[in-house]
Amino acid sequence: EAGNLSVIAQEALISAAQEAWPRMTHEEGVHDALLTLGYILDEEFDETQKGHLETLSRSHRAGTLKISGIRLWISTERLPLFLALESLRNPGSQAELVQEDLESWIPAALRQKDVSVEDALKTIIRLRMSSMAPRESGDLAKELGLMITTIDSALFALEAEGILVRGNFSPEKGNQWCDRQMLSRIHRVRIRQSRFTVSPVPHPDFMRFLFHWQGITRNPPLQD
């Protein structure tokens, strides 16, 4: 039984993340997803979606960052957040903007807005975690080319703000982080899945139980 519950829990993590993941069936849907998630890995797109990305790239609405061999897609509106992180990057993990002229296409209102390094990192992590299953800080550090201690500082700050929670959500993983709203979704999915594992007993079995419970069929029967 405990093993079954463990399977249900892991299936709930996967199902909840799939439900929360943006539906990217057209160009605008892909752009909205980039805004919602902050960044999306190149490998997380299918071929059709990559076609939409190329269209967005040609119109200067999206671009790619390469960080230590990892390719991230970002919207032009989110680019200032990533530019603000350059001072935090590990040596040898500088972000390379594939579309060199993309910075000139940042909306004027965003270009003139000062963003602190701390706020930029917290915003990127908050957006990314909003539709993700629980993750370890090392995953985020690898994707963003930052030290784990730097990522941890932002995670603890988001925890203090009530946005993220931490815990051991997978038996084979260590300490993980999860968006609070996503955790609620996971619990709802788990309850829904658990209901399918419960089925009513046959009517004759239930009647035998009732007779035994009331002492009618016990040997010797209960006395008043």
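Reader: Which residue stands opposite Leu-97 in β4?

Author: Leu-65 does. This is a predicted model, where local features need pLDDT of at least 70 and side-chain atom pairs count only at pLDDT 80 or more, while totals for chains, interfaces and linings use all residues. Residues are numbered from 1 along each chain as its sequence is written, and side-chain values use heavy atoms, with hydrogens and water left out.

Reader: OK, and what's the bridge partner of Leu-65 in β3?

Author: Leu-72. β2 and β3 (residues 70–75) pair in the antiparallel sense over 6 bridges, and β2 also pairs with β4 (residues 96–97), antiparallel over 2 bridges. Strands here are DSSP runs of E, at least two residues, helices are runs of H or I, at least four residues, and both are numbered from the N terminus. Two strands pair if DSSP finds at least two bridges between them.

Reader: Why is β2 called largely enclosed?

Author: Because 5 of the 6 residues of β2 (residues 62–67) are buried. Buried means under 20% relative accessible area, exposed over 50%, and partly exposed in between (1.4 Å probe, protein chains only).

Reader: Which residue has the positive phi in the β2 and β3 hairpin?

Author: Ser-68, with phi near 50°. That hairpin has 2 residues between the strands.

Reader: Switching topic: how many aromatic pairs are there?

Author: A search of the whole structure finds 3. One of them is Tyr-39 with Phe-82, with centres 6.1 Å apart and planes at 85°, so the pair is edge-to-face. Rings of Phe, Tyr and Trp (its six-membered ring) pair if their centres lie within 6.5 Å; planes under 30 degrees apart count as stacked, over 60 as edge-to-face and the rest as tilted.

Reader: Where do Tyr-39 and Phe-82 sit in the chain?

Author: Tyr-39 is in the loop between α2 (27–37) and β1 (40–41), and Phe-82 is in helix α4 (residues 79–83), 43 residues apart. Tyr-39 and Phe-82 are both buried.

Reader: What about Phe-156 and Trp-177, what's their geometry?

Author: Edge-to-face as well, at 5.4 Å centre to centre and 75° between the planes. Phe-156 comes from helix α8 (residues 148–160) and Trp-177 from strand β6 (residues 176–179), 21 residues apart.

Reader: Is Trp-177 buried or exposed?

Author: Trp-177 counts as buried at 3% relative accessibility, whereas Phe-156 is partly exposed at 39% relative accessible area.

Reader: Last one: which helix holds Trp-213?

Author: Helix α10 (residues 203–213). Trp-213 is exposed, with a relative accessible area of 56%.
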